[in-house]
Each structure stands twice: as C-alpha cells, then as structure tokens.
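Let's learn to read a few features of a protein model together. Have a look at the structure first, then follow the conversation.

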Amino acid sequence: MFCAISGSTPTEPVISPAGHLFEKSLVTKALKETGLCPVTSAPLSADDLIAVRVGPGAKPRSTAATSVPGMLAAFHDEWDALMLETHELRKDLHAARQELSHALYQHDAACRVIARTVKERDEARAALANARGAAGAAAKRGADAPAEAMDADSNDPKRAKGGISAEALEAMAACGKELQKTRKSRPVSDLLAAPDTFAAMADKPSSAPCHPTKCKGILCVTANPLDSNALATAGADGSVAVFDVAKGKRSKQIAAHKKRVKSAAWCGLNVLLTGAADGAMKIWSSATGSCAATVDGTHAGEIVSVAPHPTNAYAVTFGADGAWAFHDVQKAETLCVVREDDTNYGAGAFHPDGLLLGACGADGVSRIWDVRGQKRAAELTGHQGKVVSSISFSENGYYVATAAADGARVWDLRKLKELRFFDGAKNAETAVAFDKSGHYLALGSGVELSVRAVKKDWEVVKQWQAPKTVLSLAFGEDARSVFAGCADHNLRVFA
C-alpha cells in the first residue's frame, strides 16, 4: 500500500473517510495549507483522519538503493564526499604546519634577541663601572637627558602628522553632498525580505568552519557591499577568512596578524582592511590573499575598529588608546591622529555620508565627530559606565544603534536623543547591525539573536538561540540571511 501523495510506503499511515491512504506528516501539512483532501478536494480536517495500526518492521529501501546501478551511484557519491573532506583536512594540516613553523621561527628569533640583550646589558654594566670616576661627565649626561627626551617626544610619529589634505577634504565633501542628494530617492530592492520572510526562516542555523579550531571567537563579520557573494570574518587567532556565500564555505584563509584581529572591513571590491591587537592596520588583496601595505606606529594599543570612507580612498581606525586616525588607503599613509585624554574607544564607524564619525568610549559615551574639522559634534550618553562595543549607522542617516553589556540603544541623530532601548542578557556580549536598506536591525545579546523591523515600531520579526555567544553580526543580500560570528571558530548562517 502506498501513500496517495508521495507514492511511497508510509511509515505512519492514516486513512481519510473517502478511503485514501496517506503519510500522516504529508497530509497534515497539506491540510494546514488548504483544508482540502489532496485527492478528492473535499473539505477535510486532521481530526477526520483514521490512524492505521501496523506492526513494526524494517523501512523499505529507497528506489535508488534497490538496484546495483543505484547502489554504485550512492557509493560513488560517498567516495566523492570522502575525498573532498580529505582534501579539506589536508589543507588544514598544511596551514597548521605553517603556523607551527612560524612559531618555531619566532621562538628562535626571541632567543637570539634575549642573548643579544644580555650581552648588551653586560657591556653596559662594564662601561658604567669604568665611568664611575667621571662624576662631572655623568652630571652632564644627566642634565642633557631631559632635552634629549623632549626632542624624541617632538619627533614622535604618533603625534607629528601632516593633517587631512585639501584634496581629501574636497573628495569627502563632494561624496557627502552626492550621497545626501540621492538618499531620499535611493531605491529599495524588490527582493528585500518582508517580515513574513523572517518568520519562515529555519529555527536552527547552519554552521561553516572559517577559522582553526583553536580560535576562541569570530570577532567581526563584514559583508562586501560590492559583491553579495563575499563575506569576511576576523578571528581571535589572528586570521581572516573570506567566505563564499553561494557555496556556503570558506574560500580563502589569511594569516593576517600575530595577535587577535578585532575588525575587518571591505574598502572596494577586492580590498580588505584589518585592524588587530598589535596596533597595525593592514591592507589586503582578497583575490590573492597578499598584504599590499601595513600602516603601523599610529596607535599605542589595540585597534578596535576599522571604518572605510564611502569613497573607498580613505579609512579611519579607532584604538583602545583613545585615538582615532585618518588614513590614505592608496598611499598607506596616516594623515591625521586625534586623541582623547578622558577615555578609550571600544568601537567606531563612519556615518553613511562620510562626514561624521561615531566613536564609542569605554565610559559608555558615544561621541559624534566632524571628520573635516576633527571636532566633537555631539555626545550620546545612556550606557551606564559600560564599554560600548558595537555601533551601526542606518543607511537613512537618521538612526544609529549602539550596544554595551547593559543592552542596545537606538538614537535619533536629528534630535540627539535616545529613541529605543532593548534590554539584553545580563552582562553579556552585545552586538548590533542595520541591514543595507535600513529596514531591519539585528541584535545579539549572549546566545540570543533577534531581528527587529524598523518601520513596524521596532517589532521583533524573528528570534533565534545561537549555539555560542554572539560576538558580531551582518546581514546578507536583501536581508534574506543573517550571519553571526560566535565564540568559537564557526560562522553561523540564519536563513
């Protein structure tokens, strides 16, 4: 006896009053959609179905497994999958060997440096012992030391920058004027996900390994605005991965920094910027995985965010040392450094027009800066002494979302006031991200992830539970998927 819908032997058979046999799961789904019998089109409900009691037995084989050619085809598919998995394992093994070789080289270099330092220390001690009798010379050296220190301070490259050039200011002004002019007429994609689309998404995400298993978290996820198929992730292990959205797997892995990479951002179609705990910003070619240039010596501590300007010719880095720096990407040169004496930064981003900056402080205050004048334009206070670790501007230019351990807040930049507050898990990592259209806001707090519809009074349209703590978020094309970087080496895809 076969199911009237699938044509296969049912595992949980039921009979309709008309005498037709169905698989219970299939006919129940059909009744929920139409309320009619799939065969007779007569009104039918789930309560009208009569269960058929059958004895336990082995499930019938699938059609493909009932013949020798079908079994051979199945074995062939299994062999192909096994070979692909073996190939991926060999690639990971090769990467691990390279990392081990690099670590051994670093250890050898460190031993050499230590030996040279010990030798220089012994020589300095001997010279000091020989010079004890020359008290006058020693006094002179002591008097000259402060002057030398002042000269060294004045030549400090972290302070002596030429400033933003007139050419850069003109380019930013022209770009900002054009973006402001076209914002209201900016078309919304016909394929943009509707709230019902989110409700129909699966409750559990798919996982894609993007970093070595030793990675303790994906700290940044960034989608390429010029290529919807490219996504970049930054890991706590110092590596950066380029993810192929269509294939659902990593396409390239880059050993970017020796310390954790806190931020990555696309600056053009194939240009990727990374900022790490070593205080350096690196410029990469995503096509070849090679480093085109390194901008170092600007920050005294970790770079927490890298933000490209809409022209893709400039970028700003935000440091945990309380400084933001303006860089010329093409020349790999720092043009301007602005330091804060009263706070350190936890995150930062460009306004969509490229004329304002959002710099989030460790004191819970988010500062809005005028880039051209390097002056504070406004302050957003609300997070109670918590490090603001995430910021996202809406493409409409009016809203900005910030997140800290006490929750997430949405601000109206026109009135400089708090518009919404979303409570999160207590003292948990929190992340926010607007989609490209500005219609949706993704919020991650602990293991909870939700999407809110901006034009539906910030109503929650979908909520998930992630396997690990959510550290970073990004929307896919037309907001039809949400990517989450969690506290392990896997990228989670909610779609």
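Q: Is S450 buried or exposed?
A: Buried means under 20% relative accessible area, exposed over 50%, and partly exposed in between (1.4 Å probe, protein chains only). S450 has a relative accessible area of 7%, so this residue is buried. This is a predicted model, where local features need pLDDT of at least 70, side-chain atom pairs count only at pLDDT 80 or more, and totals for chains, interfaces and linings use all residues. Residues are numbered from 1 along each chain as its sequence is written, and side-chain values use heavy atoms, leaving out hydrogens and water.

Q: Which residues is S450 in contact with?
A: Contact means heavy atoms within 4.5 Å. Leaving aside neighbours within four places in sequence, S450 touches L441, A442, L443, V460, K462 and Q463. S450 itself sits in strand 27, residues 448-453; strands (E, at least two residues) and helices (H or I, at least four) are DSSP runs, numbered from the N terminus.

Q: What is the order of the strands in the open sheet of four?
A: Two strands pair if DSSP finds at least two bridges between them. Here the order is 4-31-30-29, with antiparallel pairing. Strand 4 (206-209) and strand 29 (470-475) are at the edges with a single partner strand each, so one side of each has no neighbour in the sheet.

Q: How many bridges join strand 29 to strand 30?
A: Five bridges link these antiparallel strands, and strand 30 covers residues 482-486. A474 stands opposite F483 in strand 30.

Q: Is L72 buried or exposed?
A: L72 is exposed, at 55% relative accessibility, and belongs to helix 2, residues 68-130.
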